[in-house]
Amino acid sequence: MPGKLQSEKNSKAPKPGKSSGRFTEKPGVAAPYRNPRLPVDERVEDLLARMTIGEKTDQLMQTFVGESDNPNNVGSGSFRPTIGSVVGFWHGAGPQNNFQRMAVEQSRLGIPIMWGMDVIHGQHTIFPIPLAQACSFNPELTRMGCEVAALESAPAGVNWTFAPMVDICRDPRWGRVAEGFGEDPHVGSRFAAAAVKGFQGAKFVPGRNMASCLKHFCGYGFSEGGRDYSYSDISRQTLWETVLPPFHAGVNAGAMTLMSSFNDITGTPAVINRYTLTEVLRTRWGFKGFVVSDWNAVSQLARQGFSADPKAQTRAALAAGNDMEMVDTQYLCIPELVRDGRLAVKVVNEAVRRVLRVKFRIGLFEMPYASERPLEEYALLPEYLAKAEAAAAETLVLLKNAGGVLPLAGKFKTLALLGPAAANGGCMKGTWGGLGSEARMTTIEMGLREKLPAGCRLLHARGCDFEGADRSGFAEALAAARESDAIVICLGEPGDGSGEDQSRANIRLHGAQEDLLREAAALGKPLALVLCAGRPLDLFTAEPLAPAILNAWQPGIRGGAAIADVLLGNVNPSGRLAITFPRTAGHIPTFHAQRRRSREQGFYRDMGAEPLYPFGHGLSYTTFSYGNVTLGARKIRAGRALKAKVTVTNTGLRPGKETVLWYVSDPEAGITQPELRLIGFEKIELAPGEAKEVAIRIDAWRDLSYPDCDGRRILEPGRFLLRAGTGEPAEFVLEGALRAGRLE
Ligand code: NOJ
């Protein structure tokens with residue numbers, strides 16, 4: 001009964017980890033919380049009223065059982081059957097069920113454990129990394145990929161994924177840029193929503209879906225200098241304009257959980273940040289799920305300079321709205337804090353309520369166990385592999401194609417394939433590759449052998465490694481190149497070169513790679529550089545050497561096949577950059593939504609300020625032309641919408657896909673605005689000669705207002721410009737008075 005909780009009166013509460021072994025239910029009468037026909041909130045309140053403070057504490061803790069291969073996450077934990085959740089368990093359904101049985105059958109209240117895992121871009125069928133997915137500008141591919149990931153995880157008992165990561169990042173030195181959807185908040189928002197829908201389904205089905213977790217809340221992508229785990233200095237204006245929108249979109253899409261981040265946000269670490277965790281997330285956005293900390297983030301408050309006292313850490317984290325702690329054991333002091341009156345039990349109850357609500361919503365009480373079905377029945381199915389290949393094909397970005405080097409079909413009888421990424425499964429799998437095995441990845445070499453036209457030969461020689469000065473393989477590689485009519489050289493980073501704790505100051509090609517490229521290019525044959533990396537690389541010195549560059553990112557299990565299709569011309573590339581390639585690392589940060597400068601002077605003295613490849617860049621084997629943007633009216637008012645159109649024509653000889661990017665400019669504003677703000681995108685397919693009209697509906701409040709530094713939306717009358725592609729922009733006027741909306 002809410003208000004009169006048994007635990008509050010229970011002076012002899014068992015210590016966390018110990019269950020009393022007594023059932024409060026009458027024999028033969030199931031407690032209401034066990035009744036799936038009752039509303040979730042009723043079940044939650046019934047269960048909460050039966051819990052001791054020790055049992056509540058355990059529900060707020062996540063432990064680790066076993067070893068992990070993530071160097072940051074190695075550890076071991078003690079298992080208590082009353083624990084709320086286990087992180088990163090992959091020892092199979094059998095052992096997992098043994099633990100779950102202890103929770104369900106041997107603990108007093110039988111609360112099942114939630115099993116969380118990092119299923120980021122696939123579990124067995126690995127899809128392209130999220131940054132690559134964003135470059136498809138096709139969120140449906142992400143929804144589909146996340147659906148497959150859930151179908152391959154949920155049967156094995158993984159009912160919670162720590163994904164999607166929706167940190168906006170504008171610094172390719174940060175290794176985790178690979179895990180997010182790039183630099184733009186609108187793109188991030190569309191992909192965040194798609195991922196949540198993919199993991200959780202339209203209606204959550206236990207055994208098929210997983211609860212999603214928007215991470216890292218928030219601002220982790222702004223870690224100083226791209227150094228992981230660092231402080232992040234984020235103005236409230238940037239917070240509202242850039243950092244928060246993808247989280248808001250994910251919450252609106254129904255995400256059940258969020259993970260608070262490692263970083264200290266402008267003086268208040270994310271895990272104890274009441275503004276973000278409670279005021280924004282709960283009070284304003286109405287989020288009803290729970291927040292888990294990142295790994296050890298509560299105890300790391302000591303290093304961050306908040307407090308080394310576990311009690312102070314626990315109080316601050318819970319009071320801020322961080323419900324569950326990951327792996328730490330600081331929360332074990334909850335019973336003592338409550339007993340001493342230093343932590344209100346209602347704060348604890350609210351956190352437990354949020355955790356239980358999610359457990360009921362995902363059907364955990366009804367279906368606590370993993371199915372012990374053989375993996376072959378639900379993983380790596382041919383249709384999943386086909387989806388992963390289709391997704392990969394749309395994520396590859398053709399950065400450069402001087403003289404039409406690509407596609408290669410019909411231009412060679414013998415093809416040289418060089419470079420350390422050519423036959424490397426890790427480069428396809430990429431960071432956070434779930435349970436995917438490198439041996440199952442279709443490498444570029446395998447893809448080319450699979451797709452090579454009849455009568456053509458492939459000569460493969462690695463030439464060098466990713467790192468180190470060893471040039472002993474050069475002779476063989478260059479001999480293969482000499483014997484060939486064309487060269488494909490695959491360079492970049494090893495598969496684990498980006499990801500967590502993989503910050504790099506030097507993001508050029510390492511080791512002898514650039515020398516190999518230089519010497520291969522000097523042969524004067526048609527040459528295409530394929531880049532495999534989880535981040536935009538600094539191509540300052542490499543770019544001039546290669547007539548054609550295909551940026552393949554880390555494209556997943558069928559990545560090599562998709563790359564081969566694009567190289568050979570079976571597939572027309574359609575990826576566009578969701579993140580800027582800086583001209584050189586000294587340009588960082590550089591991104592498309594920058595604000596205007598005060599003077600024309602002030603650029604770098606040693607080179608132009610233009611990025612090497614801007615956001616939205618990506619070539620095709622066909623050409624598209626854009627008409628001028630036309631408007632349904634020249635004026636718009638608050639509460640109204642305006643229709644705009646642009647005609648896109650395929651002016652080349654091949655069918656192709658084109659992403660129409662809609663940008664708005666607000667040249668005079670009370671709070672200055674970025675020169676170009678992306679408000680919409682749509683990917684279309686056009687046959688040669690075909691023209692299509694693409695429309696956008698501009699909603700004044702949604703698309704023309706801007707947030708102030710506390711998230712209040714301001715709609716300011718005045719002149720706007722709308723652009724799409726290369727045609728003339730259209731000008732229109734927002735009429736009416738300056739209006740301020742509700743806080744977001
Ligand atoms: C630490 C990472 O920052 C986070 O993204 C991940 O979900 C957890 N470890 C669990 O592995």
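Which helix holds Arg-357? In this predicted model, Arg-357 belongs to helix 13, which spans residues 345-361.

**Arg-357**

Arg-357 has a relative accessible area of 13%. Because the cut-off for a buried residue is under 20%, Arg-357 counts as buried. Its side chain reaches out to the backbone oxygen of Lys-288, at 2.8 Å. Lys-288 is also among the residues that Arg-357 touches once residues up to four places away in sequence are set aside; the others are Val-40, Asp-41 and Val-44.

**The ligand site**

The shell around the ligand has 13 residues, of which Asp-118, Arg-176, Lys-215, His-216 and Asp-294 come nearest. By class, the shell consists of six nonpolar, two polar and five charged residues. Two strands each supply at least two residues of this shell: strand 5 (213-217) and strand 9 (290-295).

| Side chain | Distance to a ligand oxygen atom |
|---|---|
| Lys-215 | 2.9 Å |
| His-216 | 2.7 Å |
| Asp-294 | 2.5 Å |

On its own, the ligand has 290 Å² of accessible area, and the protein covers 99% of that area.

**Asp-703**

Is Asp-703 buried or exposed? Asp-703 is buried, since its relative accessible area is 5% and the cut-off is under 20%. The residue sits in helix 20, which covers residues 700-704. The side chain of Asp-703 forms a polar contact with the side chain of Arg-702, at 2.9 Å. With residues up to four places away in sequence left out, Asp-703 touches Val-664, Arg-677, Ile-679, Arg-697 and Ile-698.

**Confidence of the model**

The pLDDT of the protein chain averages 94, and 94% of the residues score at least 70.

Definitions and conventions
Residues numbered from 1 in each chain as written. Predicted model: local features only at pLDDT ≥ 70, side-chain atom pairs only at ≥ 80, totals over all residues. Heavy atoms only, no water. Helix = DSSP H or I, 4+ residues; strand = E, 2+ residues; numbered from the N terminus. Buried < 20%, exposed > 50% of the residue type's maximum accessible area, 1.4 Å probe, protein only. Polar contact = N/O pair within 3.5 Å; in protein donor to acceptor, adjacent residues only side chain to side chain. Contact = heavy atoms within 4.5 Å. pLDDT = per-residue confidence, 0-100. Near = heavy atom within 4 Å. Areas by Shrake-Rupley, 256 points an atom, 1.4 Å probe, with all protein chains shown as cover. Nonpolar A, V, L, I, M, F, W, Y, C, P; charged D, E, K, R; others polar.
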